[in-house]
Amino acid sequence: MSKSIKAMIMSAGVGSRLEPLTLSVPKPLVPIANKPIMDILFEKLVSIGVTDVICNTYYLADKIIDRYKNNDIGINFNFIKEDALSGTAGGVKKCQYFFDKDTCFLVLSADGLSDVDLQKAINYHKNTDAIATIGIKKIAMEDVPHFGVVVTDSEGYVTEFQEKPKIEEARSNYINTGIYIFDYKIFDYIPENTFYDFAKNVFPKLVEKRMINTFVVEEYWSDIGTIEKYIESNTDVFSNKCNVEHAPIVTSDFGGYIADLSCSISDTAKFIGKSVIGENSKIGKNAIIENSIIWDNVVIEDGVHISNCVIASNCVIKMNLVSQIVGANELITDKSFKVRA
C-alpha cells in the first residue's frame, strides 16, 4: 500500500454518555484491557503502513496531545485544537490542509473498536467511482433503534440513511460504523467555518449523486460510546472476540483477570468472572473482584467486595460496591458514598 495514505481520527467529542469516567479522561484515552482505545487505533493504522495521522481535539485536548506528541507507537502525530465543536464534517474540514489532493484518506471515530481489514477497505474504495466509502455492520434488528441505519442498492451504493429508526420503520439492519474512506473531493461538500455533520449535511447530497459506496464489516466492531458497550467490549477481549494486545489472562477457579504487571494483588484476593486491573492498582487481602474494570492507581482495601463495577483512576474503595460506576479521584466509604441511580 502507498505510504502516502493518511488518516484522521475524530477525537473532539465530550463523551457524555461515558460519564463519570470521562469527567477526567477524554474518550479516546478510555482503556480497553488497560490500553487506551486511541493506542489500539494507532497500532492498527501502523500495521497497514499508515503513519501520518491527524486528530481534531477539543475536550481535554491537552491530555490527548501530551500522550501522543512523543509516542513510541510509530505514529507521526498531528493535531488541531478546536475552540468550539464543529460537527463531524466540520472537524474534518479543519484538517483539510493535512491531506493530499491526489489520494484518498481514512477517517475513523475514536470510539470505534474493530478488527476491520482497513487495507482491504481502502483497496475496495479505490476501485469504485465513489467520493466516500463507509463501513457498515449487520446487527440484530432489535438493536437498530440505537444506531444510524444505512440502506443500499444491489451494488452497495447508499440510497438512504435512517437515524435511529423504530424497528418497524427500519429498511435495513446495517449500521454506519464511523469508518470512512474519502476522496479529497469530499471537501467540496463541506463549507469552511460552519458547524457541519456528515449524516445530516454532507451524505444526503452525495446520496443524490450516488457517490457513497459501502463495504461490509464482517469482523468484530463495537462502539464504546456508552457504559454498557464499554463494559461489553472489555468482556469481549476475554473471549477473543476482539484482537487487542494485553497482559496474559490470569485464571482462577471462578474466573480470570487481566492485570498490569505493576499491580499489587494479595494472594488471598478472589476473582470471579472477568475483570481488568490497571497500572499500580492494589487489591487487598480477602478482597473479592467480580466482573469489574479497575483503572490505574486504585486501592481496593482488605475484605472489600466489588461486583459489576467500573472504577476510574486514583480511587480508594473502603466498602462493598455492586453495579456502580465510580469517577476518578474518589474516596468511597460508608459515610461518603451515594448510590448511583
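**Cysteines and a cavity**

A: Cysteine 309 is buried, at 2% relative accessibility, where buried means under 20% relative accessible area, exposed over 50% and partly exposed in between (1.4 Å probe, protein chains only). This is a predicted model, in which local features need pLDDT of at least 70, side-chain atom pairs count only at pLDDT 80 or more, and totals for chains, interfaces and linings use all residues. Residues are numbered from 1 along each chain as its sequence is written, and side-chain values use heavy atoms, with hydrogens and water left out.

Q: How many disulfides are there?

A: A disulfide is a covalent bond between the sulfur atoms of two cysteines. Here it is taken as a pair of cysteine sulfur atoms within 2.5 Å, and the count is zero. Cysteine 309 is in none, as the nearest cysteine sulfur, that of cysteine 315, is 11 Å away.

Q: Which residues lie nearest the centre of the largest cavity?

A: A cavity is a set of points on a 1 Å grid over the protein atoms alone where a 1.4 Å probe fits but cannot get out, and lining residues have an atom within 4 Å of a point. The structure holds one cavity of 30 Å³ or more, and the largest has about 120 Å³ of space, a volume being the space filled by probe spheres set on the points. Its lining has 13 residues, with Leu41, Leu108, Gly112, Ser114 and Ile179 nearest the centre.

How values were computed:
On a 1 Å grid over the protein atoms alone, a cavity is a set of points where a 1.4 Å probe fits but cannot get out, and a pocket is an open set with protein on both sides within 12 Å along at least five of seven lines; lining residues have an atom within 4 Å of a point.
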